[in-house]
Amino acid sequence: MAEPRTVDSSASSASFALGRKLDSIPFSSYHMSIIGVLALVGFIEGYDLVMTGSLLVLAKAPLQLTGSDIRWLAVGPTFMLCIGGFAASAISDHWSRKAIMMIGVIATTFFTLLIPLVQTADQLIIVRLLTGLGAGSAVSAAFPIAAELMPAQHRRTYGAVYEMALAASFTVVPFIAGLLAGNENAFRFLALPGGLAITVVPVLIYFVLPESPRWYLRKGQPQAAVDIVNRMISRSGNQVAPLTVEALGDAEQTKREELPPYWALFARGQLRWTTVGILSGVCAGTAYFLISVLLPKALNDQGFAVGASLGLTSIVYAASFFGKGFTGFLMEIIGRRWTIFYALAGSLPGLALMLLSQRAGDYAGVMIVAGGLIIGFTVLSAFTACRVYLSEQFPTALRGRGQPFGESTGRLFAGVLAPFLMEPHTGSAPIFFGTIFVVVAIGALIPLVFGRETVGQLETVTEGVPALA
């Protein structure tokens, strides 16, 4: 249960009433349309960002990539993703959730569309750096939006579908890259689907996604918040009574609330939850980034052909498609914390198989494939729980800033520092897979030892408001 926090009681009462009404709306095809658009955003963002690993092998010969170029491509886009995430964090909660996502999606797809035009390694690096910068506004925005629109008991549905969409993109990219391997323009063709999405995805975001009614209420616009809730009720079949402004309270209870300062993320009573959410993401993210960015190169350096290394990477992400669905199912049964423990600790046997593969002789390939299937189903599926868990660590007034800050901080360590340090050691299975093993083992214990369970109504869990009878 959440620890009590210092919040405005009248404002919290209005927020709780609004949240209780949102949670009472039966899950419907309208919720599925919201999930569908957010999942499409996840697929496109995943496609545009995860192609880094394939670009390292496909563009190496045509653009004559040097060791320095490869390292920049491996960690530079993720570093800029962190910078973009911190920038988005600074303006989120001030700007609408949907506006932040639109900016990020347009920027990501536009710069991906420029990849077919690059002629030099420097141009490719610049384009990928700008892609990462733009993506910082999109990759973290989906979870605050979903957390504030989905009924509490169906956040796991959204989390699973969104992460399965990411897994699908992670599977498709190396699969297409493997088919294109050997073609001098393979990396250009690989970028086209992700870039051309600029003609479709922003339009769907604009017309399908509603703004967060919780955000409008915090801005002191109760009528706008009520209108959105009632529109959701109508599109869900009018199975519950409409919400009224009077039900939220009087003018004092629905007045505009001053946003807490950015440093409230680290204030007493919040610092622990911010830290636990970030550390959980760092450990799961280290495994993800080392695999998504460096696994094709690692397998290639360890003796596998380019096509085989890309194919094995695709198999790993194919397993994560099913793993993410199972993780989403598990979240409401055993809770967020134990699901994260399962996803991380369950990957240790697979990592051990991959770590020992070079000593297996003729069975090396079998051990790599078996280990890859295990880690795909477990640790690569951890973000279904990790991202929902992170979003529930913050009250509404901090969620728009806390989510991108938490994810960006995690990526700074997991997606920049870890690949930068590990890139020279990809040829050694014990070092490469052993490092992932140690980080994942530590991460499995963090939410259990230091965290708390967060399943429930957002205002109850994160804002310290006692549940009403």
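Reply: Ile333 has its place in helix H14. The model discussed here is predicted.

Me: Is Lys324 buried or exposed?

Reply: Lys324 is found in helix H14, which spans residues 306–345. Beyond its neighbours within four places in sequence, Lys324 is in contact with residues including Glu163, Met164, Leu380 and Thr384. The relative accessibility of Lys324 is 1%, and buried means under 20%, so Lys324 counts as buried.

Me: Where in H3 does the kink lie?

Reply: Helix H3 takes in residues 67–91 and reaches 37 Å from its first C-alpha to its last, close to the 36 Å expected. Within H3 there is a kink of about 35 degrees. The kink comes shortly before the proline Pro77, at Val75.

Me: How many residues apart are Glu423 and Arg71?

Reply: The side chains of Glu423 and Arg71 meet in a salt bridge, at 3.2 Å from N to O. The pair links distant parts of the chain: Glu423 is in the loop between helix H18 and helix H19, Arg71 is in helix H3, and the two are apart by 352 residues.

Me: Is Glu423 buried or exposed?

Reply: The relative accessibility of Glu423 is 12%. Buried means under 20%, so Glu423 counts as buried.

Me: How many residues apart in sequence are the parts that Glu148 and Arg399 tie together?

Reply: The side chains of Glu148 and Arg399 meet in a salt bridge of 3.0 Å, N to O. Glu148 lies in helix H6 and Arg399 in helix H18, so the parts tied together are apart in sequence by 251 residues.

Me: What is the N to O value for the salt bridge of Arg336 and Glu392?

Reply: Arg336 counts as buried at 0% relative accessibility, and Glu392 is buried with a relative accessible area of 0%. The side chains of Arg336 and Glu392 meet in a salt bridge whose N to O value is 2.8 Å.

Methods:
Residues are numbered from 1 along each chain as its sequence is written. This is a predicted model: local features need pLDDT of at least 70, side-chain atom pairs count only at pLDDT 80 or more; totals for chains, interfaces and linings use all residues. Side-chain values use heavy atoms; hydrogens and water are left out. Helices (H or I, at least four residues) and strands (E, at least two) are DSSP runs, numbered from the N terminus. The expected span of a helix is 1.5 Å times one less than its number of residues. The bend at a residue is the angle between axes fitted to the seven residues ending there and the seven starting there. Buried means under 20% relative accessible area, exposed over 50%, partly exposed in between (1.4 Å probe, protein chains only). Contact means heavy atoms within 4.5 Å. A salt bridge is a side-chain nitrogen of Lys or Arg within 4 Å of a carboxyl oxygen of Asp or Glu.
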